[in-house]
Amino acid sequence: MSEQELKLHVPAHARAGIAKELTQQPVTRVRLHALYFDTPSRALVKARIALRLRQEGRKWIQTLKMPGDHPLSRIELNHPRPGPTLDLSLYTGTIAGEALAQISEPLGICYETDVKRTLRSVRTRQGVVEIAYDLGMLRAGALELPISEIEFELLSGHVEAIFVVGKRWSRAHGLIMDARSKAER
């Protein structure tokens with residue numbers, strides 16, 4: 001599956017306005033706890049691959065993301081898991097499996113995130129966009145970094161929809177473009 005999204009940093013001064021605008025319509029709230037995997041030499045990050053196990057409510061989902069066919073597109077493969085156990089055999093016979101076969105070092109947890117996500121969908125003339133506002137923490141050993149970001153993901157329609165919505169929210173709230181992944185941070 002391919003996803004198309006625009007991710008922006010939400011500076012501290014914009015958080016209250018974002019929360020207020022989001023909740024003017026019905027929202028869904030969910031707590032997300034994720035474990036991100038890589039090798040000691042960061043081979044997955046170098047290959048632009050993200051591999052995680054994430055608890056979404058009571059469910060565990062294993063996700064692999066890697067570059068898609070254009071800069072705003074990523075391949076995203078999601079698999080339900082019975083618990084926080086990684087299963088690389090899920091990618092056998094896929095492009096992801098081929099990429100993982102190039103990794104010779106063992107995988108381990110390199111960082112984790114704990115996030116409260118607020119979700120809402122909006123409709124534009126160009127399509128339907130899901131807005132996901134994440135507030136939380138990224139932890140890697142003793143290092144802790146705050147997470148304050150908003151994603152505009154295309155659910156249906158044309159990719160322009162994410163730019164229409166993203167541009168409006170960016171102008172209204174002073175959002176900042178930050179193309180770095182959590183692993184890069």
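How many helices and how many strands make up the secondary structure of the chain? The chain contains four helices and nine strands, where helices (H or I, at least four residues) and strands (E, at least two) are DSSP runs numbered from the N terminus. The model is a predicted one, in which local features need pLDDT of at least 70 and side-chain atom pairs count only at pLDDT 80 or more, whereas totals for chains, interfaces and linings use all residues. Residues are numbered from 1 along each chain as its sequence is written, and side-chain values use heavy atoms, with hydrogens and water left out.

In sequence order, the elements follow the pattern β-α-β-α-β-β-β-α-β-β-β-α-β. The radius of gyration of the chain is 17 Å, close to the 16 Å given by the globule rule for 185 residues, so the chain is as compact as a globular protein of that length. This radius is taken over C-alpha atoms, and the globule rule is 2.2 Å times the number of residues to the power 0.38. The C-alpha trace spans about 45 × 35 × 30 Å along its principal axes.

Of the 185 residues in the chain, 42% are buried; buried means under 20% relative accessible area, exposed means over 50%, and partly exposed lies in between (1.4 Å probe, protein chains only). Contacts (heavy atoms within 4.5 Å) were also examined by their separation in sequence. Among those between residues at least 6 apart in sequence, 60% join residues at least 24 apart. The accessible surface of the chain is about 10,200 Å², and 54% of this surface belongs to carbon and sulfur atoms. Accessible areas come from the Shrake-Rupley method with a 1.4 Å probe; for residues, only the protein chains shown count as cover. The chain carries 27 positive and 21 negative side chains, and the centres of the two sets lie 7 Å apart. In this count Lys and Arg are positive and Asp and Glu negative, while His and the chain ends are not counted; the place of a charge is NZ of Lys, CZ of Arg, CG of Asp or CD of Glu.

In soluble globular proteins, nonpolar side chains tend to be buried together. A nonpolar core is here a set of buried Ala, Val, Leu, Ile, Met, Phe, Trp, Tyr and Cys residues joined through side-chain atoms within 4.5 Å. The largest such core has 18 residues, of which Ile18, Ile131, Ile150, Phe152, Trp169 and Leu175 touch the most other members. Two or more residues of this core come from each of β1 (2-9), α1 (15-22), β7 (127-140), β8 (143-157) and α4 (160-173). The most is given by α4, with four residues. A second, separate core of 15 residues includes Leu35, Ala43, Leu51 and Trp60.

Apart from neighbours within four places in sequence, the contacts of Ile131 include Leu22, Thr118, Ile150, Phe152, Val165 and Trp169. Thr118, in strand β6 (residues 108-123), is buried at 11% relative accessibility. Beyond residues up to four places away in sequence, Thr118 touches Leu22, Val27, Thr28, Arg29, Ile131, Ala132 and Tyr133. Glu153 lies in strand β8 and is buried, with a relative accessible area of 16%. The C-alpha atoms of Glu153 and Ile131 are 6.6 Å apart, although the two residues are separated by 22 residues in sequence. Leu138, in strand β7, is buried at 4% relative accessibility; its C-alpha lies 5.8 Å from that of Glu112, 26 residues away in sequence.

Several loop residues were also considered. Gly174 is placed in the loop between α4 and β9 (176-177) and is partly exposed, with a relative accessible area of 33%. Gly174 touches Pro11, His13 and Trp169, not counting residues up to four places away in sequence. Between Gly174 and Pro11 the C-alpha distance is 7.7 Å, while their separation in sequence is 163 residues.

Most residues other than glycine have a negative phi. Arg42, in the loop between β2 (28-38) and α2 (43-46), has a positive phi near 65 degrees. Arg48, in the loop between α2 and β3 (50-56), also has a positive phi, of about 60 degrees. Arg42 is partly exposed at 34% relative accessibility, whereas Arg48 is exposed, with a relative accessible area of 61%.
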